[in-house]
Every structure is written in structure tokens, then in C-alpha cells.
Amino acid sequence: MAIVFHELVPVKVKERRRLKDFLYSLFLKEGKKLNNLNIIFCSDEYLLDINRQHLKHDFYTDIITFDLSENTKGPTSAELYISIDRVKDNAISLRTTFINELHRVMFHGALHLCGYGDKSKKDIAIMRSKEDECISLYRL
């Protein structure tokens, strides 16, 4: 199992070992095996290009999650692309800290990989509840 951080833009993530362990335990708790997870910190423009190319969306977003697993029953292999620009702006508009919002977005991506959606109002409510649970358990 490997969780690797890639910084296309500089970002301070403290206690990376602890965060990796928490993400790994999240997958276990949700009954998913984790093979590898690449977390790529990038800019708005970089993620916008990915959004346009791969999802045919022409708007900024804070995260795009790619499940690269060979099958749904096997171990998860995935990439999380996170726009640090969006996370900073969202932290301001949501009146939270950058680090809290960054962790929330990482947990959001991991939860997607564990099977949680965010398309319907009901799914959004469940996702927010799970994100809050992760933030609380992680104790930033």
C-alpha cells in the first residue's frame, strides 16, 4: 500500500505519516482495500485543463478523483487532483482554515473512492456527514 503526495504547487501538509495512516484506516473502515493513492496538489489552471479534457466540464473545481482500479472488487488504485487555489478560496468563503479545508477535500476524494456520491441532495448530506466525521476523528 502506498499513499504518495505530489506537489505541482508548494503546499505544507504536516504529519504526512499520520495523514497516510488515517486515509488507509478510512478505506479499511469502509471495507475497501487500498493499493495506491496519489494525491497531486496543483493550480486552478492545471485542474481546469483536466476538467475540460477528461470530464468535458469548463469550470474550476477543488478536486477531481480518478479511480484507476482494474475492477470494483479489487484493491483501489487512484489519483486525487486537488487545486490549492480553490482550497484557499473555499476556506475563506466557508470561514475555515486552509488546513481544515484541505483535509476535508482529501477526505472527500477518499470517500468517493469508497463509494459515496454527491449528485443528489441526499447523497450530498451523507457525504458532508462523512467528511465531518473524518475531520472530527482526525482531530486537526
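Predicted model: local features only at pLDDT ≥ 70, side-chain atom pairs only at ≥ 80, totals over all residues.
The largest nonpolar core holds 31 residues. Within this core, Leu 37, Ile 39, Phe 41, Ile 82 and Leu 102 touch the most other members. Two or more core residues come from each of β1 (2-7), α1, β2, β4 (76-83), α3 (84-93), α4 (98-113) and α5 (121-138). Helix α4 gives the largest share, seven residues. In soluble globular proteins, nonpolar side chains tend to be buried together.

Ile 39 illustrates the packing. Beyond its neighbours within four places in sequence, Ile 39 is in contact with Ile 3, Val 4, Phe 5, His 6, Leu 23, Leu 80, Ile 82 and Met 106. A second core is separate and has seven residues. Among them are Ile 40, Cys 42, Ile 50 and Tyr 81.

Lys 32 sits in the loop that joins α1 (16-29) to β2 (34-42). Lys 32 is buried, yet it forms no salt bridge. Asp 67 is the nearest side chain of opposite charge, at 5.5 Å. Apart from neighbours within four places in sequence, the contacts of Lys 32 are Phe 27, Thr 72, Thr 76, Leu 113 and Cys 114.

Two loop residues have a positive phi. Most residues other than glycine have a negative phi. Glu 15, which is not a glycine, has a positive phi of about 50 degrees. Glu 15 lies in the loop between β1 and α1. Arg 95, also a residue other than glycine, has a positive phi near 55 degrees. Arg 95 is located in the loop between α3 and α4. Arg 95 counts as exposed because its relative accessibility is 80%, and exposed means over 50%.

Methods: Residues numbered from 1 in each chain as written. Heavy atoms only, no water. Helix = DSSP H or I, 4+ residues; strand = E, 2+ residues; numbered from the N terminus. Buried < 20%, exposed > 50% of the residue type's maximum accessible area, 1.4 Å probe, protein only. Lys, Arg positive; Asp, Glu negative; His and termini not counted. Salt bridge = Lys/Arg side-chain N within 4 Å of Asp/Glu carboxyl O. Contact = heavy atoms within 4.5 Å. Core = buried A, V, L, I, M, F, W, Y, C linked by side-chain atoms within 4.5 Å.
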